[in-house]
Amino acid sequence: MAEIDERSWSDAIDMYERRATIAKVTSREHENWVLDLSTLMRGDTRDARGWRTVDMWEGELERLDEPSYPFVMPPEVVATADAWKPYLHEISRSQALRFLVALSTPWIDVTKEPDFEERRESLEAKARVVLSRFPESSHFYANTGRRGSDTRDYYQRVSGWNSFSVRTFDFGLVLVSETEVGMVWSFR
């Protein structure tokens, strides 16, 4: 597993700067980690370790008017521990790595990246750094739908998702450890 420190984290999440993306991590404060995810989506928190975040809406008028912008999290999701299940589905660490890479591409679709094979190794190395913040016992959840979530190849076009935002398309990965909850959410 890749070593992680503040500098390597900053370099890794830099791959999300060219997209409409929010990438951040908070401390896990609740047994029901969806409550911590809701905190992330509202923009109510800084990075748990004080490290760099990517949030294109931070300080923007939309966020000042509505703290959760661009997210619209269904209220029933935070009401009970099981209510998130229709919206987010667990995926494996290897799928999470590929999804992190896909979330960094302009169309959230590596098949549309003309230079993907040349950049693949570098993007995967950055994704491994992001994952290294979440130990082997961590869980990963995607909003890309139930059907085939356990076998989906995120290097192929993903056409389905459960929307959490006011944007036309939003694809997100939630990373959950015993001590932290993170998200990488990209929008089109």
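Analyst: This is a predicted model. About 50 Å³ of space lies in its largest cavity.

User: How many cavities of 30 Å³ or more does a search of the whole structure find?

Analyst: Rolling a probe the size of a water molecule over the atoms shows where empty space is left. When the whole structure is searched for cavities of 30 Å³ or more, the number found is one.

User: Which elements each supply at least two residues of the lining of the largest cavity?

Analyst: The lining includes Trp9 and Ile13, along with Ala23, Lys24 and Val25, and also Gly182, Met183 and Val184. The elements that each supply at least two residues of this lining are α1 (6–13), β1 (20–27) and β6.

User: How do the residues of that lining divide into nonpolar, polar and charged?

Analyst: Among the lining residues are Val130, Phe134 and Leu175, together with Lys24 and Gly182. Lys counts as charged and Gly as polar, while Val, Phe and Leu count as nonpolar. Taken over the lining of the largest cavity, the division is nine nonpolar, one polar and one charged.

User: Turning to the rings, why is the pair of Trp57 and Tyr69 edge-to-face?

Analyst: The structure holds twelve aromatic pairs. In the pair formed by Trp57 and Tyr69, the ring centres are 5.9 Å apart and the planes stand at 80°. Planes over 60 degrees apart count as edge-to-face, so with its angle of 80° the pair of Trp57 and Tyr69 is edge-to-face.

User: How many residues apart in sequence are the parts that this pair ties together?

Analyst: Trp57 lies in the loop between β2 (54–55) and α3 (61–65), whereas Tyr69 lies in the loop between α3 and α4 (75–79). The pair therefore ties together parts whose separation in sequence is twelve residues.

User: Is Tyr69 buried or exposed?

Analyst: A residue counts as buried under 20% relative accessible area. Tyr69 has a relative accessibility of 17%, so Tyr69 counts as buried.

User: What is the separation in sequence of the parts that Phe71 and Trp185 tie together?

Analyst: Phe71 and Trp185 form an edge-to-face pair, with 5.7 Å from centre to centre and 85° between the planes. Phe71 lies in the loop between α3 and α4 and Trp185 in strand β6 (residues 180–187), so the parts tied together are apart in sequence by 114 residues.

User: Over the face of which residue does Arg49 lie?

Analyst: Arg49 is placed at 4.9 Å from a ring centre. The residue whose face Arg49 lies over is Trp51.

Conventions. Residues numbered from 1 in each chain as written. Predicted model: local features only at pLDDT ≥ 70, side-chain atom pairs only at ≥ 80, totals over all residues. Heavy atoms only, no water. Phe/Tyr/Trp six-rings, centres within 6.5 Å; stacked < 30°, edge-to-face > 60°. Helix = DSSP H or I, 4+ residues; strand = E, 2+ residues; numbered from the N terminus. Buried < 20%, exposed > 50% of the residue type's maximum accessible area, 1.4 Å probe, protein only. Lys NZ or Arg CZ within 6 Å of the ring centre and 35° of its normal. 1 Å grid on protein atoms, 1.4 Å probe; cavity = no way out; pocket = protein on both sides within 12 Å on 5 of 7 lines; lining within 4 Å. Points joined across faces, edges and corners; volume = space filled by probe spheres on them.
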